[in-house]
Amino acid sequence: LAFFFITAFAMMSIGNAADAYFMTYNVEATPVMTTAFMWLGTIPAFIFMPLVPAIKRKIGKKGMFYLFLGTAITGMAMMYVFVQVEALKQFWLLCIAQFVKSTGIIVATGYMWALVPEVIAYGEFTTGRRISGIVNALTGIFFKAGMALGGVVPGLVLAWTSFDAEMTSQPDSALQGILWLVCVIPAILLVLAMWIISKYELSDERMDEINKAIEAKAKA
């Protein structure tokens with residue numbers, strides 16, 4: 001879970017740091033278009049988060065992560081193609097890609113917090129101690145480490161691809177670097193996150209057994 005947190009927060013930090021550059025230089029959007037594009041990324045939370053319990057019951061915990069992490073990767077791939085192909089470089093198409101990408105990210109990174117109590121319960125089951133403080137502290141350390149990593153990578157990539165903030169237009173290498181920060185590197189991190197979550201062994205059935213065992217021990 002800790003490794004999932006560091007990967008997820010690094011992905012979000014890198015993408016968020018590059019979004020403004022992406023809209024300014026790759027899309028050449030107006031401030032109004034940029035604001036609309038950013039706000040569009042919040043809409044899936046109101047649509048899909050209430051559906052999470054039903055989706056999880058239908059396809060399982062890991063299946064839900066695979067579905068929505070895959071959805072985010074699909075949205076990033078769409079965005080990359082739409083920007084690269086001049087005939088598809090339309091704002092409305094980019095908005096569709098943004099909606100798809102945000103749907104996957106919001107649901108997957110929102111639900112990951114629900115795994116923290118599971119880890120705490122597992123710790124109590126295996127050690128006899130409820131180490132909620134330690135688990136929450138470690139979770140905080142890892143997501144801050146992910147954010148720190150996400151703060152370093154954009155600067156390194158932009159410097160390496162010859163980005164110049166004083167120029168109104170950027171060289172092709174810088175535009176490609178921005179695109180990597182928005183689409184490619186986050187997608188790679190999401191693939192890594194899918195592999196990490198595949199190692200998570202606390203299924204709903206296993207958690208039911210653990211919770212029943214903890215309750216029985218408390219009553220004894």
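This is a predicted model: local features need pLDDT of at least 70, side-chain atom pairs count only at pLDDT 80 or more; totals for chains, interfaces and linings use all residues.
Residues are numbered from 1 along each chain as its sequence is written, and side-chain values use heavy atoms, with hydrogens and water left out.

Q: Is Gln98 buried or exposed?
A: Buried means under 20% relative accessible area, exposed over 50%, and partly exposed in between, with a 1.4 Å probe and protein chains only. Gln98 has a relative accessible area of 4%, so Gln98 is buried.

Q: Which residue has its backbone oxygen 3.2 Å from a polar atom of the Gln98 side chain?
A: Leaving aside neighbours within four places in sequence, Gln98 is in contact (heavy atoms within 4.5 Å) with residues including Leu40, Gly41 and Met79. The backbone oxygen at 3.2 Å from the side chain of Gln98 belongs to Phe37.

Q: How many disulfides does a search of the whole structure find?
A: A disulfide is a pair of cysteine sulfur atoms within 2.5 Å. The sulfur of Cys95 has its closest cysteine sulfur in Cys183, and because that sulfur is 14 Å away, it is too far for a bond. The number of disulfides found in the whole structure is zero.

Q: What is the relative accessible area of Cys183?
A: Cys95 is buried, at 16%. Cys183 is also buried, and its relative accessible area is 3%.

Technical notes:
A polar contact is a pair of N or O atoms within 3.5 Å; within protein, one must be able to donate a hydrogen and the other to accept it, and residues adjacent in sequence count only if both atoms are side-chain atoms.
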